[in-house]
Amino acid sequence: MLRLYDSRLSGNSWKVRILLNQLQLPYERITLDLEKGDTNSAEFQKISRFARVPVLELADGRTIVESGAILQYLAAGTPFFPDDQYLRAEVTSWMFFEQADLQRAIALPRVYHLRGLADRMSQQIERFHTDGYNGLEKLERGLGGRHWLVDDRYTIADLGVFAYVALASQGGYDMTRFPAILLWLARVKQQEGWIELIQT
Ligand SMILES: N[C@@H](CCC(=O)N[C@@H](CS)C(=O)NCC(=O)O)C(=O)O
């Protein structure tokens, strides 16, 4: 059986849990406590070369790190990751953009807010917001007039970009500035098998 190492509030792990659910793949979930430093243990670092979640462990014990690599592995051969070489490159392009231009710029202000550090870290948050708003504006323009990021259908490009953008307001971002993004986020949430970050 597949095994997913994640943490409760991790947006990168949320992407993987959504896709596992959409593909109806059973898995064992091992939830680490990042505040306690669980990712720093020697035992965890044997399975995660970058000391981060998510990590997907395959039935034969091999592991995959990096949420984008996990999404591509799981989605291969399904409609969520097109076979066409050009479309695959387009999907990968959006996933790389998310990691480079959005993920950290949204994730770190969110962590500071969630851990009650927003006042102390206000200058860092402002710098991240400058970068993050820049990335969000590019996403807003990219979505202009489109339903989905690639090929007018839901793919792991949408899922990969979705998670942190959906969580951005928790990091102090004003998302009312981005009407096309808000409509697209709502469309992603309507996809069959989509799940909340925290399921009650
Ligand atoms: N590029 C990586 C980023 C993974 C990442 O930043 N994971 C965070 C949680 S979302 C983490 O494990 N941080 C380690 C820590 O805070 O100790 C991916 O997409 O998987």
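Helix α5 (residues 122-143) has 22 residues and spans 30 Å from its first C-alpha to its last, close to the 32 Å expected at 1.5 Å a residue. The model is predicted, and local features need pLDDT of at least 70. Residues are numbered from 1 along each chain as its sequence is written.

Q: What makes 32 Å the expected span of α5?
A: The expected span is 1.5 Å times one less than the number of residues, and α5 has 22 residues.

Q: Which residues of α5 are called buried?
A: Buried means under 20% relative accessible area (1.4 Å probe, protein chains only). The buried residues of α5 include Phe128, Tyr133, Leu136 and Glu140.

Q: What covers the buried residues of α5?
A: The cover includes α4, α6 (156-167) and α7 (179-189).

Q: How do you know that the largest pocket lies between domain 1 and domain 2?
A: Domain 1 (2-75) and domain 2 (85-189) both give residues to its lining, so the pocket lies between them. The domain bounds come from an automatic or database domain assignment.

Q: What makes a residue part of the lining, and which element gives the largest share?
A: The largest share, eight residues, comes from α4.

Methods: Predicted model: local features only at pLDDT ≥ 70, side-chain atom pairs only at ≥ 80, totals over all residues. Heavy atoms only, no water. Helix = DSSP H or I, 4+ residues; strand = E, 2+ residues; numbered from the N terminus. Buried < 20%, exposed > 50% of the residue type's maximum accessible area, 1.4 Å probe, protein only. Contact = heavy atoms within 4.5 Å.
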